[in-house]
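Follow the chain with the model open beside you.

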Amino acid sequence: MKILVINGPNINMLGIREPDVYGEGSYSSLCRLISDACLSEGLECELFQSNHEGAIVDKIQSALGFFDGIVINPAAYTHTSVAILDALKAVSLPAVEVHISDVASREDFRQISYAGTACIKTYMGLGFEGYVRAIKYLKNYLEDKDGCKTDV
Ligand code: DQA
């Protein structure tokens, strides 16, 4: 099974940007954590980060036929992008939304998630651990869907 992990704008600035909100870990340490989590779940993964909405749309479209599922933190585009929502709906791959911070307890403008309406699950406010939880959830979901889940 192969999953695509997408991070949106400014996630490459982790460790520098607002450490009180997003923590002190860098984007490269997040990438290592994600790669290790996928390895221990027996999943192949590709990581993608972009600051550009259209590039994220292109990446989601290109996932069709190549990936089994998507983990996505659309970052600020969460709250603005119908294009990313439509791309997720277009490919119809199971997607799990992640937010490092607890967006539910932040500003009013962060209370809408367009992409989230196309996702099977959302993790927020768990820091980097949210990605690990999302990867495990997606793996279980894919196994159940394929009817090949072995553990109970
Ligand atoms: C974020 C939350 C968004 O509101 C914000 O624009 C981000 C990061 C998070 O991971 O907590 O850039 O998606």
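Begin at Arg106, which sits in the loop between strand 4 (95-99) and strand 5 (121-124). Helices (H or I, at least four residues) and strands (E, at least two) are DSSP runs, numbered from the N terminus. The model is predicted: local features need pLDDT of at least 70, side-chain atom pairs count only at pLDDT 80 or more, and totals for chains, interfaces and linings use all residues. Residues are numbered from 1 along each chain as its sequence is written, and side-chain values use heavy atoms, with hydrogens and water left out.

The side chain of Arg106 meets that of Tyr22 in a polar contact of 3.0 Å. A polar contact is a pair of N or O atoms within 3.5 Å; within protein, one must be able to donate a hydrogen and the other to accept it, and residues adjacent in sequence count only if both atoms are side-chain atoms. Beyond residues up to four places away in sequence, Arg106 touches Val21, Tyr22, Ser101 and Gln111. Contact here means heavy atoms within 4.5 Å.

Tyr22 leads on to the ligand. The residues around the ligand are Arg17, Tyr22, Asn73, Ala75, Ala76, His79, His99, Ile100, Ser101, Val103 and Arg110. Each has a heavy atom within 4 Å of the ligand. For His79, an N or O atom in the side chain is 2.7 Å from an oxygen atom of the ligand. Ala76 uses its backbone: an N or O atom there lies 3.2 Å from a ligand oxygen.

Now take the protein atoms alone. Rolling a probe the size of a water molecule over the atoms shows where empty space is left. The largest pocket holds about 160 Å³ of space. It has 16 lining residues, and those closest to its centre are Arg17, Tyr22, Ala75, Ala76 and Arg110. On a 1 Å grid, a pocket is an open set of points where a 1.4 Å probe fits, with protein on both sides within 12 Å along at least five of seven lines; lining residues have an atom within 4 Å of a point. Grid points are joined across faces, edges and corners, and the volume is the space filled by probe spheres set on the points. By class, the lining has 7 nonpolar, 6 polar and 3 charged residues. Ala, Val, Leu, Ile, Met, Phe, Trp, Tyr, Cys and Pro count as nonpolar, Asp, Glu, Lys and Arg as charged, and the others, Gly among them, as polar.

Look again at Ala75. It lies in the loop between strand 3 (69-73) and helix 4 (82-91). Ala75 is buried, because its relative accessible area is 12%. Buried means under 20% relative accessible area, exposed over 50%, and partly exposed in between (1.4 Å probe, protein chains only). Asn10 also has a positive phi, near 75 degrees. Asn10 is found in the loop between strand 1 (2-7) and helix 1 (19-22). At a relative accessible area of 36%, Asn10 is partly exposed.

Ser81 lies in the loop between strand 3 and helix 4. Is Ser81 buried or exposed? Its relative accessibility is 0%, so Ser81 counts as buried. Its side chain reaches the backbone nitrogen of Ile84 at 2.9 Å. A polar atom of that side chain also lies 3.4 Å from the backbone nitrogen of Ala83. Leaving aside neighbours within four places in sequence, Ser81 is in contact with Glu53 and Tyr114.

Gly23 is in the loop between helix 1 and helix 2 (27-40). With 23% relative accessibility, Gly23 counts as partly exposed. Not counting residues up to four places away in sequence, Gly23 touches Gly15 and Glu18.

Finish in helix 5 (residues 129-146), where Lys139 lies. Lys139 is buried, with a relative accessible area of 17%. Its C-alpha is 8.9 Å from that of Ile3, 136 residues apart in sequence. Leu138 lies in helix 5 too. Leu138 is buried at 0%. Apart from residues up to four places away in sequence, Leu138 touches Ile3, Gly69, Ile70, Val71, Pro94, Val96 and Ile120.
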